[in-house]
Amino acid sequence: MYRDYRPKIHFTPPAMWMNDPNGLVWENGRYHFFYQYHPYDTLWGPMHWGHAVSPDLLHWEHLPAALSPGQLGAAFSGSAVYDKQNCSGFGAFGKAPLVLLYTSHGEYEQQSLAWSLDGVHFTPYDQNPVIPNQAFKDFRDPKIFWNSKKGRWGLTLAAGDRAMFYGSDDLVHWEKTGEFGPGGNMAAGVWECPDLFPLTAPDGEEVWVLVVSMICQEGQSNPGDTQYFLGNFDGEAFVCTKPFTEPVFLDAGRDCYAGVTYQNTNERIFMGWASNWAYARELPTGCFRGQATLPRRLSLKETPCGLRLAAEPMAAGSLLGAPVPLEGEVRLPGETFAVRLKGEGACSLMLKNNLGEVLRYSVNGQNELVIDRREAGQGGFSPLFTAPAYACAARRRLFDGPYQLELIFDVSVAELFMDGGTVAATTLVYPTVPYDTVAVEGASGELYPINL
């Protein structure tokens, strides 16, 4: 029996394949969301840039593909900036351009540029590549940022097992200024989709955050994750000045990858690809494959373990309906809803249907958040989807004592946020029939319908 697993409030393509978010930028009252897109199949293929815009990060208008494969190869991941001051010189008729910088994936991975005055139709630069490469096999995913230390544009990209940094006055001519990694407390693997940005710590200190997605080596207990580092950017390179005793990851689940943040916004807004390369090509979603996480507001929070990056959901809260008290078992209001719990000590939260399928969350006696989807629904489409390394995850809380937890469930995507977002977890599930009951033990809270 066919089941429609398309989420209601998570971004999905109209049809076919999507993976990494690209070029997230705010421009003239709308959020642009570009993404890796194969318009001719539900499997990964020659990469284009899909494109959509939104006034609120919830309601999306789909636009024509912004980039297609060209003479230098497919259009892999990259970033976008709104060039308000027309540093690039592509502006005209009083209009500032949107500038895209992306990886041309051909015989070599090189960085190319395209621009637009209407935010819809993009023209590749006629002298691409703007950052040539014949030395590195993996040399991709350029993320542009404003280099406040030098008063010019900066860029970070992934080169194998490290991030490299570049600077430019005009977005066209780039010079390398430094690099970071490998070594220290870093998960081993191929680095992808780096992002570098400053945040203000609770004590007022400016701290730079380097986020890197990693395709981890086969056999590792962590199949692939988004790691982050805290430190300083001197205008030329990032230096980790606040090292952790072990690798620290942005999401405790198995289905948040390749996330980056919006440019030209007052808040630091993050969106990721809600999937995992281990089984992304096999998901039972019919005419489309791939979805984005909900937008998350990033901040720095002080914890008993030191300074940490926190991610909290935004936008979806405006859709919450009237709450229902939640103790014991309660009927669900549909396939898209939110749960908020508070408690102390061990607890469990379960989503169930009449076939006995159950998605389990718990806080155990070791003060760990534990996620288990092994019996949550369909899994036969991939042997890895319900394998323990991918179907189960545990993350120790950074705080002792009382907790608050928020779960946003949307048809087939569950996003959990705990302790002010210092623990976040994204999990895909495919119940054979919709969950109809939520059961809670050891905590109390509220259940909210989400009004679409």
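Visitor: Which strands each supply at least two residues of the lining of the largest pocket?
Guide: Strand E15 (225–233), strand E21 (306–313), strand E26 (392–396) and strand E29 (423–428) each do that. Strands here are DSSP runs of E with at least two residues, helices are runs of H or I with at least four, and both are numbered from the N terminus. This is a predicted model, where local features need pLDDT of at least 70, side-chain atom pairs count only at pLDDT 80 or more, and totals for chains, interfaces and linings use all residues. Residues are numbered from 1 along each chain as its sequence is written, and side-chain values use heavy atoms, with hydrogens and water left out.

Visitor: Okay, and which strand gives the largest share of that lining?
Guide: E21, with 6 residues.

Visitor: How much space lies in the largest pocket?
Guide: About 790 Å³. A pocket is an open set of points on a 1 Å grid over the protein atoms alone, where a 1.4 Å probe fits and protein lies on both sides within 12 Å along at least five of seven lines; lining residues have an atom within 4 Å of a point. Points are joined across faces, edges and corners, and the volume is the space filled by probe spheres set on them.

Visitor: What sits closest to the centre of the largest pocket?
Guide: Glu246, Pro247, Val248, Phe249 and Arg395 are the closest of the 42 lining residues. By class, the lining of the largest pocket has 24 nonpolar, 8 polar and 10 charged residues. Nonpolar covers Ala, Val, Leu, Ile, Met, Phe, Trp, Tyr, Cys and Pro, charged covers Asp, Glu, Lys and Arg, and the others, Gly among them, are polar.

Visitor: Back to E29. How many of its residues are buried?
Guide: 6 of its 6. Buried means under 20% relative accessible area, with a 1.4 Å probe and protein chains only.

Visitor: Which way do the residues of E29 point?
Guide: Val423, Ala425 and Thr427 point one way, while Ala424, Thr426 and Leu428 point the other way. In a regular strand, side chains alternate between the two faces of the sheet.

Visitor: Does E28 pair with E29 in the parallel or antiparallel sense?
Guide: Antiparallel, over 6 bridges, with E28 being residues 413–418. Two strands pair if DSSP finds at least two bridges between them.

Visitor: New topic: what's the strand order in the open sheet of 5 strands?
Guide: The order is E4-E3-E2-E1-E19, with mixed pairing. Strand E4 (61–67) and strand E19 (288–289) are the edge strands, each pairing on one side only. E19 pairs with strand E1 (residues 16–27) in the parallel sense over 2 bridges, and Arg289 in E19 is the bridge partner of Trp17.

Visitor: And the whole chain: how many helices and strands?
Guide: The chain has 1 helix and 30 strands. Of its 452 residues, 60% count as buried.

Visitor: What does its radius of gyration agree with?
Guide: With a compact globule: 452 residues would give a radius near 22 Å, and the chain has 21 Å. The radius is taken over C-alpha atoms, and the globule rule is 2.2 Å times the number of residues to the power 0.38.

Terms used. Buried < 20%, exposed > 50% of the residue type's maximum accessible area, 1.4 Å probe, protein only.
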